[in-house]
Every structure is written in C-alpha cells, then in structure tokens.
Amino acid sequence: MIESATIGVVILAAGSSSRLGRPKQLVDFKQKPLLQHVIDTVAPFNFTPAVLVLGAHADEILEAINQKDVTVSVNENWPEGIASSIRLGVLESMKLNESLESILFLLSDQPFVTPELIEKLIQKHTDGDQRITACSYRENIGVPAIFKKPFFPQLLDLKGDTGAKKIILQNIPDIDKVAFRKGYFDIDTAEDQEQLKNYIS
C-alpha cells in the first residue's frame with residue numbers, strides 16, 4: 001500500500017435518499033451495507049484523517065455499521081444539499097490534521113470503488129504535478145477525486161446542492177484522470193438497487 005499520510009479522506013453520506021425511500025447507505029452489497037463497503041475499502045490506507053459525514057438517518061446508520069477508525073461528523077444542515085457536507089468534511093479534516101495537503105472525496109453510493117482504484121488515484125496524485133486527480137467514466141469527470149490544499153477555500157465556498165464536480169469542471173487543465181469504468185453507476189432509485197443485484201464487480 002502506497003503512502004497516503006498527507007491525504008485525508010471524506011466519505012459523503014448525509015443525504016436523505018428521498019428517491020429510494022430508505023437510506024441508500026444501508027443498501028445491501030456483498031452481504032454488508034453499502035456504506036460499510038466504502039469504510040472497509042478505505043481502511044487499509046493511512047488516511048490522516050478519515051472523516052465520515054452523516055446527516056439524515058444518522059442514528060440508524062451508525063447502529064448498522066462499524067465505523068472502525070473513521071471520525072464521524074453529523075451534518076445538521078444536510079437539507080441544504082451536498083455542499084454543506086463538503087464544507088463540514090473539509091473543516092473537520094483540517095482540524096484533525098493541520099499538516100493536511102490533500103483530501104480524497106468519496107460518495108457512499110458508488111458500489112464499485114475498490115482499493116485498487118483508490119491506490120491508482122493516490123499514485124497518480126502523488127506522482128503527478130496537477131492539483132486535482134479525478135475519475136473519468138462515460139465521458140464524464142468526477143468523484144472519487146483528490147483535491148490539493150489550494151482548492152480547500154473553493155470547497156469551503158460551495159453552496160446548496162452543488163458538489164465538488166463544479167470545481168472539477170472549472171479546472172480541467174489542472175486535472176489528472178484515472179479511468180473508473182463503472183463510476184457512472186450509483187444508487188438513487190429502487191431500479192438502481194435492483195440493477196445492483198445483477199452486477200458482478
């Protein structure tokens with residue numbers, strides 16, 4: 001496992017899953033909740049810190065998962081949208097590690113994120129000279145993505161339901177890309193949940 005001590009990770013999992021009708025964080029995937037899969041995926045890395053941002057259904061989710069060494073922050077402002085969770089995650093990460101140089105953002109509903117993908121992102125980010133390392137899939141660029149410290153102020157300035165992709169799209173020349181073939185697939189609806197059962201990662 002390559003060194004990642006100057007990189008923090010923020011897992012964004014605060015949404016209400018209104019379209020699904022139940023917490024997407026707890027959808028079963030490989031005999032465990034989807035969020036647990038994400039936590040287990042980042043566990044082997046020396047992320048300093050690892051922060052999980054919860055919001056809606058926080059108590060129910062915490063009862064169902066093993067957070068391991070991940071610091072949990074509950075976003076009371078989650079109805080604002082994902083920007084509030086990004087801001088909280090950045091602030092909490094900076095508080096926990098004053099020497100933080102980069103933050104990797106993960107979503108709780110991308111089931112096909114693997115340790116291998118994360119390692120590729122870290123390697124590309126560490127070896128390259130760009131300030132953002134993001135995933136590419138189906139002609140899109142987005143999360144998982146790593147942002148270097150110069151972008152922290154822009155992340156803290158996000159508002160409403162605007163995520164980190166806005167910053168990615170505004171800074172295409174500053175981006176290194178890692179291919180993530182199934183990155184387009186996430187869980188939003190009952191149809192997505194049913195389709196997940198048919199996937200073999």
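Guide: A pocket here is an open set of points on a 1 Å grid over the protein atoms alone, where a 1.4 Å probe fits, with protein on both sides within 12 Å along at least five of seven lines. This is a predicted model, where local features need pLDDT of at least 70 and side-chain atom pairs 80 or more, while totals for linings use all residues. Numbering runs from 1 along each chain, and side-chain values use heavy atoms, without hydrogens or water.

Visitor: What volume does the largest pocket have?
Guide: Volume is the space filled by probe spheres set on the points, which are joined across faces, edges and corners. For the largest pocket, that comes to about 910 Å³.

Visitor: Which helix gives the most to its lining?
Guide: Lining residues have an atom within 4 Å of a point, and there are 35 of them, with Lys24, Ile82, Leu107, Asp109 and Asp188 closest to the centre. E1, H3 (82-96), E4 and E6 (140-148) each supply at least two; these are DSSP runs numbered from the N terminus, helices being H or I of at least four residues and strands E of at least two. With four residues, the top giver is H3.

Visitor: And which element gives the most to the lining of the second largest pocket?
Guide: That pocket has a volume of about 210 Å³. Its lining has 10 residues, and Phe112, Thr114, Leu117, Phe180 and Arg181 lie nearest the centre. Giving three residues, the answer is H4.

Visitor: Which residues does Leu104 touch, sequence neighbours aside?
Guide: Contact means heavy atoms within 4.5 Å, and neighbours within four places are left out. On that basis Leu104 meets Ile7, Gly8, Val9, Val10, Phe47, Ile118, Leu121, Pro144, Ala145 and Ile146.
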